[in-house]
Amino acid sequence: MNSCNSNKKKVAFQFQDESLSTEARVNDLVSRLTLKEKISQLRYDAPAIERLGIPEYNWWNECLHGVARAGEATVFPQAIGMGATWNPDLIFEMGTAVSDEARAKHHQFVKEGKRRMGARFNILDTQHQYF
């Protein structure tokens, strides 16, 4: 006879147990990481931590004027140039193209077994700051 919990997913570590609170899972994971491993996760190209089953991932991307750092994608002018058009319909079309490409990139990375963080759309977060 199977108990009601027989379908519960077996986990190696508490941080993998989805029935626990986010806080409990985070605390467990962080307590298991060495200082060197914690520091390694601050990089945009964070390496895998195989002993904990954490895969590598790359979270350096942004979509201010196109899907950056994710392979081939359309690149639009910097935000200051787009703003200078004074054309909200054109900017909406650019945003639509960027979101379509970001979604396609997401599906591509999932298919390839890669992980990337979500795209950022922060107008002040660009490497071409002029102030």
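Glu37 is buried in this predicted model. Its relative accessible area is 14%. Because buried means under 20% relative accessible area, Glu37 falls within that class. The residue lies in helix α2. Beyond its neighbours within four places in sequence, Glu37 is in contact with Arg32, Ile49 and Arg51.

One of these contacts is also a salt bridge. Arg51 pairs with Glu37, and the closest N and O atoms are 2.8 Å apart. Helix α2 spans residues 35-40, whereas Arg51 sits in the loop between β1 (45-46) and β2 (57-58), so the pair ties together parts that are 14 residues apart in sequence. Arg51 counts as partly exposed, at 45% relative accessibility. Glu37, at 14%, counts as buried.

Leaving out residues up to four places away in sequence, Asp28 touches Phe13, Gln14 and Phe15. The side chain of Asp28 reaches the backbone nitrogen of Phe15 at 2.9 Å.

Asp28 also takes part in a salt bridge. Its side chain meets that of Arg32, with an N to O distance of 2.9 Å. Both residues belong to helix α1 (residues 22-32). They are four residues apart, about one turn of the helix. Asp28 is buried at 9% relative accessibility, and Arg32 is partly exposed at 30%.

The side chains of Arg43 and Asp45 meet at 2.8 Å, N to O. Arg43 is partly exposed, at 45% relative accessibility. Asp45 is partly exposed too, with a relative accessible area of 28%. Both values lie between the 20% limit for buried and the 50% limit for exposed, which means the intermediate class applies.

The search of the whole structure finds four salt bridges.

The protein chain holds four helices and two strands. From the N terminus on, the elements run α-α-β-β-α-α. Helix α1, which carries Asp28 and Arg32, covers residues 22-32. Helix α2, with Glu37, covers residues 35-40.

Totals for the chain complete the description. Of its 131 residues, 24% count as buried. Among the contacts with a separation of 6 or more, 38% are between residues 24 or more positions apart. The accessible surface of the protein chain comes to about 10,000 Å². Carbon and sulfur atoms account for 58% of that surface.

Key: Residues are numbered from 1 along each chain as its sequence is written. This is a predicted model: local features need pLDDT of at least 70, side-chain atom pairs count only at pLDDT 80 or more; totals for chains, interfaces and linings use all residues. Side-chain values use heavy atoms; hydrogens and water are left out. Buried means under 20% relative accessible area, exposed over 50%, partly exposed in between (1.4 Å probe, protein chains only). Contact means heavy atoms within 4.5 Å. Accessible areas come from the Shrake-Rupley method with a 1.4 Å probe; for residues, only the protein chains shown count as cover. A polar contact is a pair of N or O atoms within 3.5 Å; within protein, one must be able to donate a hydrogen and the other to accept it, and residues adjacent in sequence count only if both atoms are side-chain atoms.
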